[in-house]
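Me: I am new to this structure and would like to understand the words used for it. Could you walk me through them?

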Amino acid sequence: MKTIKRMLDHMYWADGRILGALEESKTRDKDLLKLARHVAVAERVWLSRLQGKGSAQYSLWEETEDLTAIRKMFEENAEQYRVYIEGLEESALDEMVVYANQSGVPFQTSVRDILSQVLLHGQYHRGQINRGLRMASAEPVQVDYIKFARL
């Protein structure tokens, strides 16, 4: 549980860093902004599933130019994940969560695996955003875990 909490702390930090890099670059690249929004919405989708709520109301791939709204979503996600994790017993990590994906297909996945998905999914897309920033001659931002761990 300690490792999961630490990895979530890294996620909150990395989300803020990548959003800061997008803001600083002043990019209007629709694909990069769409990816940032996608990460924020996906975090929310998975949290809804962990809380036993549906996620059909969330659209994972909408375009946006509103970095302020994305920042707000990241901040709300971090707050809600902190509350969720504080109430989670280690013994519950292997409990199964029953949910439907965005297409309505039913699945069941352990809490541990869902949390791992959230952590790895965001890091994957932050890498894509950094690559896009570099290709646009903007400065990518360091979001590696080791950078966070050295703080």
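Reply: Gladly! Let us begin with contact, which means heavy atoms within 4.5 Å. In the protein chain, 71% of the contacts between residues at least 6 apart in sequence join residues at least 24 apart. Please keep in mind that this is a predicted model, where local features need pLDDT of at least 70 and side-chain atom pairs count only at pLDDT 80 or more, while totals for chains, interfaces and linings use all residues. Residues are numbered from 1 along each chain as its sequence is written, and side-chain values use heavy atoms, with hydrogens and water left out.

Me: How many helices and strands are there in the protein chain?

Reply: There are 5 helices and 2 strands, counted as DSSP runs numbered from the N terminus (helices: H or I, at least four residues; strands: E, at least two). Along the sequence the pattern reads α-α-α-β-β-α-α.

Me: What makes the protein chain as compact as a globular protein of that length?

Reply: Its radius of gyration, taken over C-alpha atoms, is set against the globule rule, 2.2 Å times the number of residues to the power 0.38. For 151 residues the rule gives 15 Å and the chain has 16 Å, which is close, so the chain is as compact as a globular protein of that length. The C-alpha trace spans about 45 × 40 × 20 Å along its principal axes.

Me: Why does Asp 15 count as buried?

Reply: Buried means under 20% relative accessible area, exposed over 50%, and partly exposed in between (1.4 Å probe, protein chains only). Asp 15 has 2% relative accessibility, so it counts as buried. This residue lies in helix α1, and beyond its neighbours within four places in sequence it is in contact with Val 39, Glu 43, Phe 74 and Arg 126. Across the protein chain, buried residues make up 45% of the 151.

Me: What is called a nonpolar core, and which residues touch the most other members of the largest one?

Reply: The name is for a set of buried Ala, Val, Leu, Ile, Met, Phe, Trp, Tyr and Cys residues joined through side-chain atoms within 4.5 Å. The largest has 24 residues, and those touching the most other members are Leu 19, Leu 22, Leu 67, Ile 70, Phe 74, Ile 129 and Leu 133. Helices α1 (2-25), α2 (30-50), α3 (67-86) and α4 (111-135) each supply at least two of its residues, with α2 giving the most, 8 residues. Another core of 22 residues lies apart from it, with Tyr 84, Tyr 99, Val 111 and Val 118 among its members.
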